[in-house]
Amino acid sequence: MVVSVARETPPGECPQCWEHAHNKRIHRKLRPREDCPQCVNHMVNGCPTLVPKKPSRWW
């Protein structure tokens, strides 16, 4: 069995959202239909920090 570990958070994304979406080990301890307290808190309060994007050089 291959365990997928979250890679580096891409620019413009929230590190916690990215980690919880791609690292399945975080939510394995939860029972069926049980919400992750960290995810619920994050959904209510929003994403506090985002990985900065590189400035656009198109113009």
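Met43 is exposed, with a relative accessible area of 65%. That is a friendly place to start in this structure, which is a predicted model. Met43 sits in helix H2, which covers residues 37-45. Together with Val40 and Met43, Val44 makes a nonpolar surface patch of about 310 Å².

Now to helix H1, which spans residues 15-22 and includes His20. Is His20 buried or exposed? The relative accessibility of His20 is 11%, so His20 counts as buried, the cut-off being under 20%. Which residues does His20 touch, once its neighbours within four places in sequence are left aside? His20 is in contact with Ile26, His27, Cys36, Gln38 and Cys39.

Next come the charged side chains. Side chains of opposite charge can pair when their charged atoms come close. How many salt bridges does the structure hold? There is 1 salt bridge, and it joins Glu34 to Arg31, with 3.5 Å between the closest N and O atoms. Glu34 is partly exposed, at a relative accessible area of 33%, while Arg31 has 60% relative accessibility and counts as exposed.

| Residue | Relative accessible area | Class |
|---|---|---|
| Met43 | 65% | Met43 exposed |
| Arg31 | 60% | Arg31 exposed |
| Glu34 | 33% | Glu34 partly exposed |
| His20 | 11% | His20 buried |

With the structure open, you can follow the picture from exposed Met43 in the nonpolar patch, through the salt bridge of Glu34 and Arg31, to buried His20 and its contacts, among them Cys36 and Cys39.

Terms used. Residues are numbered from 1 along each chain as its sequence is written. This is a predicted model: local features need pLDDT of at least 70, side-chain atom pairs count only at pLDDT 80 or more; totals for chains, interfaces and linings use all residues. Side-chain values use heavy atoms; hydrogens and water are left out. A salt bridge is a side-chain nitrogen of Lys or Arg within 4 Å of a carboxyl oxygen of Asp or Glu. Buried means under 20% relative accessible area, exposed over 50%, partly exposed in between (1.4 Å probe, protein chains only). Patches are made of residues with over 30% relative accessible area and no salt bridge: like charges are joined within 9 Å, nonpolar side chains (Val, Leu, Ile, Met, Phe, Trp, Tyr) within 5 Å. Accessible areas come from the Shrake-Rupley method with a 1.4 Å probe; for residues, only the protein chains shown count as cover. Helices (H or I, at least four residues) and strands (E, at least two) are DSSP runs, numbered from the N terminus. Contact means heavy atoms within 4.5 Å.
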